[in-house]
Amino acid sequence: MRDSAVARRIAAILMPLAFIAAVVILWSLASRIFKIPSYLLPSPEEIAQRIAKDWRSLVQETGYTLLSVLLGFAMSVVIGVPLALMIVLNRTLERILMPVVVMSQTVPKVAIAPILIIWLGFGLLPKIAITFLITFFPIVVSTAVGLKSVELDMLDLVRSMGAGRLKLVLRVRMPHALPNIFAGLKIAICLAVVGAIVGEFVGSDNGLGYLLLTSAGSLDGPLTWAALIILVAMGVVLFSIVGFIERLVIPWHVSVRGSEIATFQH
Amino acid sequence: MIVPHAADGVGTISVADVSLVYPSRRATVQALQGISLKAGQGEFVSVVGPSGCGKSTLLKIIAGLLMPTTGSVMVDGAPVRGPGGNVGIVFQSPLLMAWRTVLQNVLLQVEIRGLRVSDYRERALQLLDLVGLKGFEHSYPHELSGGMQQRVGLCRALIHDPPLLMMDEPFGALDAMTREQMNVELQRVWLQSRKTVLFITHSISEAIFLGDRVVVMSPRPGRLLADIAVDFERPRALDGLIGTSRFAELSRQIRGHLNAASAVE
């Protein structure tokens with residue numbers, strides 16, 4: 001890598017970190033200067049102390065939430081991508097299935113959560129169900145758009161080589177759809193975190209959502225904010241992982257490789 | 001569809017009274033009307049016509065991508081029933097797969113046809129070298145200019161050594177200089193293998209420079225207006241041709257047919 005490329009990579013990581021550090025410092029100063037009470041807005045030091053003290057239970061609850069996030073997300077991908085393919089290839093299926101997909105999006109998850117708990121109990125299942133419902137729509141729609149939006153000329157070209165339907169799907173539609181699929185995955189992974197928390201809010205005695213609810217209820221500022229910060233960090237890390245996989249899988253796409261012109265800017 | 005080995009067939013085309021009518025929103029559209037056309041082995045046939053006259057439709061019918069409403073099409077004496085025949089096609093835009101390298105794009109042709117890729121790798125590299133793309137085998141399409149991408153498309157159409165090559169305004173999107181270069185390139189490549197070529201263009205001078213014959217099509221519904229022989233010797237040089245009176249004569253003939261047909265509109 002050239003020096004300027006290395007420098008840019010380092011800057012890309014350091015700048016957000018520097019920004020966060022600045023926010024933390026300002027926050028700490030504000031807490032001290034304005035003597036903000038702990039239950040309203042704890043100082044960063046208090047939160048850090050609390051994380052250090054309760055780290056074992058925090059890790060456990062984080063693991064619980066992470067499990068429903070990942071399982072619900074995985075379910076959406078495993079069911080959603082093939083479904084999108086079916087919708088694109090078959091008009092009748094599109095007419096039957098699309099309304100169902102749209103409904104999965106418009107049904108208010110907060111309202112349906114109690115029903116899911118009655119059906120599925122208090123364990124992990126209803127959370128996975130909600131996470132699935134919230135991630136299903138973005139994944140199906142973005143995949144379908146990607147699969148559908150192949151230039152007709154490109155399909156003609158490959159057909160003229162003797163390709164049948166299967167080859168057209170595997171060699172043309174799927175690779176073409178990958179950038180769209182990843183866009184859907186990035187949106188979905190962030191929504192998945194929201195979905196898991198909604199499920200935990202409604203009925204749970206595990207997870208970061210449960211911690212948030214109980215600690216807020218008992219005005220335990222440091223614990224509330226600790227759970228919140230871990231939650232936000234979880235979303236950011238998961239998003240970054242998807243982005244990283246995207247860079248590996250579709251390095252050729254303009255959204256991943258960036259503008260060539262930008263490399264000449266300082 | 002299993003494609004016979006490239007050595008089979010000689011690339012002759014026989015189009016008999018082909019018409020294409022298709023329904024559109026308002027009424028039915030007649031794209032082609034009673035087209036009859038023959039191309040013999042090793043002939044370079046240029047097809048000239050205004051935009052929308054159905055030239056691309058005719059190519060797609062010969063390729064088996066579209067079925068004519070009436071008439072028959074035969075390639076190498078066998079009726080065309082669907083796509084996948086022993087032909088190489090170059091479209092108007094390069095249509096390269098952005099997720100494949102140049103080399104992988106060229107080899108797509110043999111992959112789809114179910115041939116063994118390793119057998120054709122060497123030939124792909126040779127073809128890329130022949131069109132001046134040595135060193136770009138592992139580049140991605142976005143790193144290439146339009147003209148370079150179109151040359152990759154040409155290699156892709158030639159990799160399986162088809163006896164018939166069809167090109168639909170392949171140089172239309174290029175600037176005039178590159179276009180002239182590509183015409184010379186194409187002649188050079190063609191002279192090495194003498195395939196049967198059906199070359200669609202709306203440039204009269206390009207049609208005359210490249211073709212053994214120039215077939216003139218009318219505006220929609222596309223009919224054949226004329227089939228003019230071009231008897232310049234090969235290899236042809238741009239300079240030696242364009243200025244000559246014979247060239248001007250041919251251009252006038254062709255333009256005359258086109259103007260007469262559009263005047264009727």
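Colleague: In what order do the elements of chain A run from the N terminus on?
Modeller: This is a predicted model, to begin with. From the N terminus, the elements of chain A read α-α-α-α-α-α-α-α-α-α-α. The count for chain A is 11 helices and zero strands.

Colleague: What box do the C-alpha atoms of chain A fill?
Modeller: Along the principal axes, the box is roughly 75 × 60 × 25 Å.

Colleague: And what percentage of chain A is buried?
Modeller: Of the 266 residues in chain A, 32% are buried.

Colleague: What share of the contacts in chain A with a separation of 6 or more comes from residues 24 or more positions apart?
Modeller: Such pairs account for 74% of those contacts in chain A.

Colleague: Switching to chain B. Which domains does the assignment give?
Modeller: Domain 1 of chain B covers 1-86 + 165-170 + 178-265, and domain 2 covers 91-161. Their C-alpha centres lie 24 Å apart.

Colleague: How many residues are in contact between domain 1 and domain 2 of chain B?
Modeller: On the domain 1 side 10 residues are in contact with 10 residues of domain 2 of chain B.

Colleague: Which elements supply the domain 1 side that touches domain 2 in chain B?
Modeller: β7 (164-168) and α5 (176-193) of chain B each supply at least two residues of that side. The largest share is from α5(B), with four residues.

Colleague: How do the residues of that side divide into nonpolar, polar and charged?
Modeller: The domain 1 side that touches domain 2 of chain B has six nonpolar residues, one polar and three charged.

Notes:
Residues are numbered from 1 along each chain as its sequence is written. Chains are lettered from A and ligands numbered from 1 in the order in which they are written. This is a predicted model: local features need pLDDT of at least 70, side-chain atom pairs count only at pLDDT 80 or more; totals for chains, interfaces and linings use all residues. Domain bounds come from an automatic or database domain assignment. Two residues are in contact if their C-beta atoms, placed from the backbone, lie within 7 Å. Ala, Val, Leu, Ile, Met, Phe, Trp, Tyr, Cys and Pro count as nonpolar, Asp, Glu, Lys and Arg as charged, and the others, Gly among them, as polar. A residue is buried if 20 or more other C-beta atoms lie within 10 Å of its own, exposed if 12 or fewer, and partly exposed in between; C-beta atoms are placed from the backbone.
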